[in-house]
Amino acid sequence: MGQIALTLAEGIEAKGGKIRYGARVTQILPARSGMAVKLATGETLTAKRVISNSTRWDTFQNLLGNNKSSWWEKTWFDRYEKSPSFLSLHLGVDRSLVSNVQDCHHILLEDWAKMEDEQGTIFLSIPTILDPSLAPEGYHIFHAFTPSWMSQWHGLSSAAYEQKKEKDAEQIIDRLERIFPGLSKAIDYQEVGTPRTHRRFLGRVDGTYGPIPKNRPLGLIGMPFNRTSIPNLFCVGDSTFPGQGLNAVAFSGFACAHLVACSLGK
Ligand SMILES: Cc1cc2nc3c(=O)[nH]c(=O)nc-3n(C[C@H](O)[C@H](O)[C@H](O)COP(=O)(O)OP(=O)(O)OC[C@H]3O[C@@H](n4cnc5c(N)ncnc54)[C@H](O)[C@@H]3O)c2cc1C
């Protein structure tokens with residue numbers, strides 16, 4: 001999976017670019033010749049153009065100090081809201097449990113009325129059905145995930161957080177027993193990720209999966225392209241057209257690179 005990012009990184013470095021890993025931006029500032037970013041280390045980097053790949057909530061409410069002064073930015077915040085985050089279970093499962101299963105993807109929903117509820121729908125992927133080499137011999141990988149909101153996990157003490165992770169994971173496994181009887185006894189390895197995990201390791205506000213339209217009619221068509229109301233500041237990724245998902249953000253990156261290159265006379 002990391003190959004796409006690695007190949008892009010090689011391309012950037014081959015063209016003389018420098019990548020600073022683990023460099024957290026805390027502020028975006030105007031600068032005399034363009035824009036600047038301030039890092040958590042206190043260092044300031046200036047550039048003719050700055051492109052933000054963080055969400056619009058992070059960029060405008062956090063990095064720019066709650067800057068929603070333009071009509072365009074206000075409209076975006078009116079049109080879009082955060083979709084939930086996820087509770088994710090990564091399981092190592094004895095291969096004999098699924099010896100007759102051919103399908104990689106499964107969806108479990110016991111009650112249609114609960115489809116959009118917190119932990120209502122369970123999605124399950126078993127990638128080792130397609131590529132057994134991903135797990136040690138004799139095992140399958142189960143990735144089970146279900147929508148979950150930060151509000152359910154926020155403010156818990158370490159002990160309460162660990163307990164909730166255990167309890168919620170157990171409930172998901174119990175429900176999956178309907179499709180895979182004997183699952184709980186066949187688990188050899190278990191990791192649980194929560195909205196807090198997504199916030200911490202993916203750097204996304206509230207661990208959100210990304211923006212979704214508040215009202216359907218405009219859908220993702222109302223998403224902005226890569227320019228922002230601030231000169232020399234561009235945005236890229238799932239807060240821009242055409243929205244969430246790897247294909248969509250790859251398009252957004254391509255479009256943004258083209259736009260910035262043109263703005264620099266390339
Ligand atoms: C659990 C999960 C499963 C998914 N499954 C699929 C799938 O099967 N198919 C699919 O198409 N899509 C899937 N998606 C959605 C897809 O991953 C996203 O839509 C896509 O990655 C968004 O790309 P992005 O570049 O906009 O943001 P991100 O991928 O979030 O990239 C933003 C980057 O900016 C960095 N960053 C943020 N703030 C700062 C800061 N202040 N300073 C420095 N760096 C910062 C972050 O660390 C991150 O590396 C999934 C998402 C999740 C969470």
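This is a predicted model: local features need pLDDT of at least 70, side-chain atom pairs count only at pLDDT 80 or more; totals for chains, interfaces and linings use all residues.

Me: What is the chain built from, and what box do its C-alpha atoms fill?

Reply: The chain has 7 helices and 12 strands. Its C-alpha atoms fill a box of roughly 65 × 40 × 40 Å along the principal axes. Of the 266 residues, 23% are buried.

Me: Why is the ligand said to lie between the domains?

Reply: Domain 1 and domain 2 both give residues to the shell around the ligand, so the ligand lies between them. The shell has 19 residues, and the closest are Val25, Ser54, Gly203, Gly237 and Gly245.

Me: Which helices supply at least two residues of that shell?

Reply: α6 (195–202) and α7 (246–263) do. The largest share, 3 residues, comes from α7.

Me: How does the shell divide into nonpolar, polar and charged residues?

Reply: There are 6 nonpolar, 9 polar and 4 charged residues.

Me: How do you know that the span of α7 agrees with what a helix should give?

Reply: α7 has 18 residues. After α7 comes Gly265, with a positive phi near 80°.

Me: Why is Phe241 called partly exposed?

Reply: Phe241 has 16 other C-beta atoms within 10 Å. Buried needs 20 or more, and exposed means 12 or fewer. The count for Phe241 falls in between, so Phe241 is partly exposed. Phe241 is in the loop between β12 (233–235) and α7. Leaving aside neighbours within four places in sequence, its contacts are Leu220, Met223, Pro224, Phe225 and Ser252.

Me: What makes the peptide bond from Phe241 to Pro242 stand out?

Reply: That bond is cis, with omega near 5°. Most peptide bonds are trans. Pro242 is also in the loop between β12 and α7.

Me: What is said of phi in Gln119 and in Asn232?

Reply: Gln119 has a positive phi near 55° and is not a glycine. Asn232 is not a glycine either, and its phi is positive, about 70°. Most residues other than glycine have a negative phi. Gln119 is in the loop between β7 (105–108) and β8. Asn232 is in the loop between β11 (211–213) and β12.

Me: Is Asn232 buried or partly exposed, and why?

Reply: Asn232 has 19 other C-beta atoms within 10 Å. A buried residue needs 20 or more. Asn232 is therefore partly exposed. Gln119, with 18, is partly exposed too.

Me: What makes up the largest nonpolar core?

Reply: This core has 13 residues, and those with the most contacts inside it are Leu124, Phe142, Ala144, Ile172 and Leu176. Two or more residues come from each of β6 (85–94), β8 (122–125), β9 (139–148) and α4 (158–176). Leaving aside neighbours within four places in sequence, Ala144 is in contact with Leu89, Ile122, Leu124, Ile172 and Leu176. A second, separate core of 12 residues includes Phe60, Leu64, Phe234 and Cys235.

Note on methods:
Residues are numbered from 1 along each chain as its sequence is written. A nonpolar core is a set of buried Ala, Val, Leu, Ile, Met, Phe, Trp, Tyr and Cys residues joined through C-beta atoms within 7 Å. Helices (H or I, at least four residues) and strands (E, at least two) are DSSP runs, numbered from the N terminus. Two residues are in contact if their C-beta atoms, placed from the backbone, lie within 7 Å. A residue is near a molecule or strand if its C-beta atom, placed from the backbone, lies within 6 Å of it. Ala, Val, Leu, Ile, Met, Phe, Trp, Tyr, Cys and Pro count as nonpolar, Asp, Glu, Lys and Arg as charged, and the others, Gly among them, as polar. Domain bounds come from an automatic or database domain assignment. The expected span of a helix is 1.5 Å times one less than its number of residues.
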